[in-house]
Amino acid sequence: QVQLAESGGGLVQAGESLRLLCRASGDIVPVNVMGWYRQTPGKERELVAEFNLQYSIDYADSVKGRFTISRDNTKDTVSLQMNNLKPEDTAVYFCYYHTYYGIHPGPEYWGQGTQVTVSA
């Protein structure tokens, strides 16, 4: 089992910034996919940014140039710096961790979610 602890959500005005932090603990493996997704009521959960298996980063088009994902493998953390926030960024943000055993996918884990609200 992997546990994901998120922090850093909140209420901000448009144009302001927030930083989300996710710390993984438990059965951490060297090969994994880790990142952030978000969800609004009535919509499917969507990718925001993640480190993929090739150790490169995938960003949603809507956040490119505004959001930056980073990770610290020594602390098993992934952060999401969100700048120039817009009302349409309002959502519950979820940390995501996908275990891989070599090239074979293992269990997926989700954090409990943290609310980000951006007022106009």
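Predicted model: local features only at pLDDT ≥ 70, side-chain atom pairs only at ≥ 80, totals over all residues.
Trainee: What makes Cys 22 and Cys 95 a disulfide?
Mentor: The rule asks for a pair of cysteine sulfur atoms within 2.5 Å. Here the S to S distance is 2.0 Å, so the pair qualifies. The structure holds 1 disulfide.

Trainee: Where in the chain do the two cysteines of the pair lie?
Mentor: Cys 22 is in strand S3 (residues 18-26) and Cys 95 in strand S9 (residues 91-101). They are 73 residues apart, and the pair links distant parts of the chain. Strands are DSSP runs of E, at least two residues, numbered from the N terminus; helices are runs of H or I, at least four residues.

Trainee: What is the handedness of the link between Cys 22 and Cys 95?
Mentor: Left-handed, with -85° about the S-S bond.

Trainee: Are Cys 22 and Cys 95 buried or exposed?
Mentor: Both are buried. Buried means under 20% relative accessible area, exposed over 50%, partly exposed in between (1.4 Å probe, protein chains only).

Trainee: Why is Thr 40 called partly exposed?
Mentor: Its relative accessible area is 23%. Thr 40 sits in the loop between strand S4 (32-39) and strand S5 (46-51).

Trainee: Which residues does Thr 40 contact, leaving aside neighbours within four places in sequence?
Mentor: Thr 90 and Ala 91. Contact means heavy atoms within 4.5 Å. The C-alpha atoms of Thr 40 and Cys 95 are separated by 15 Å.

Trainee: What makes S4 and S9 a pair of strands?
Mentor: Two strands pair if DSSP finds at least two bridges between them. S4 and S9 have 8 bridges, in the antiparallel sense. One of the partners is Val 92 in S9, bridged to Gln 39. S4 also pairs with S5, antiparallel, over 5 bridges. There, Gly 35 has Glu 50 as its bridge partner.

Trainee: How many residues lie between S4 and S5 in their hairpin?
Mentor: 6 residues, and Gly 42 in the turn has a positive phi of about 85°.

Trainee: Why is S4 described as largely enclosed by the rest of the structure?
Mentor: Because 7 of its 8 residues are buried.

Trainee: Why is the pair of Tyr 37 and Trp 110 called edge-to-face?
Mentor: Rings of Phe, Tyr and Trp (its six-membered ring) pair if their centres lie within 6.5 Å; planes under 30 degrees apart count as stacked, over 60 as edge-to-face and the rest as tilted. By this rule there are 5 aromatic pairs. For Tyr 37 and Trp 110, the centres are 5.2 Å apart, with 80° between the planes. Tyr 37 lies in strand S4 and Trp 110 in strand S10 (residues 104-110), so the pair ties together parts 73 residues apart in sequence.

Trainee: How do you know that Tyr 37 counts as buried?
Mentor: Its relative accessibility is 16%. Trp 110, at 36%, counts as partly exposed.

Trainee: Why is the pair of Tyr 96 and Trp 110 called tilted?
Mentor: The planes are 45° apart, and the centres 4.7 Å. Tyr 96 is buried, with a relative accessible area of 6%. Tyr 37, Phe 94, Tyr 96 and Trp 110 form one aromatic cluster.

Trainee: What makes Arg 45 lie over the face of Phe 94?
Mentor: A charge sits over a ring if NZ of Lys or CZ of Arg is within 6 Å of the ring centre and within 35 degrees of the ring normal. Arg 45 is at 3.7 Å from the ring centre of Phe 94. Arg 45 also lies over the face of Trp 110, at 4.5 Å from the ring centre.

Trainee: Why is Thr 99 called buried?
Mentor: Its relative accessible area is 1%. Thr 99 is in strand S9. Not counting residues up to four places away in sequence, Thr 99 touches several residues, among them Val 29, Val 31 and Tyr 109.

Definitions and conventions
Residues numbered from 1 in each chain as written. Heavy atoms only, no water.
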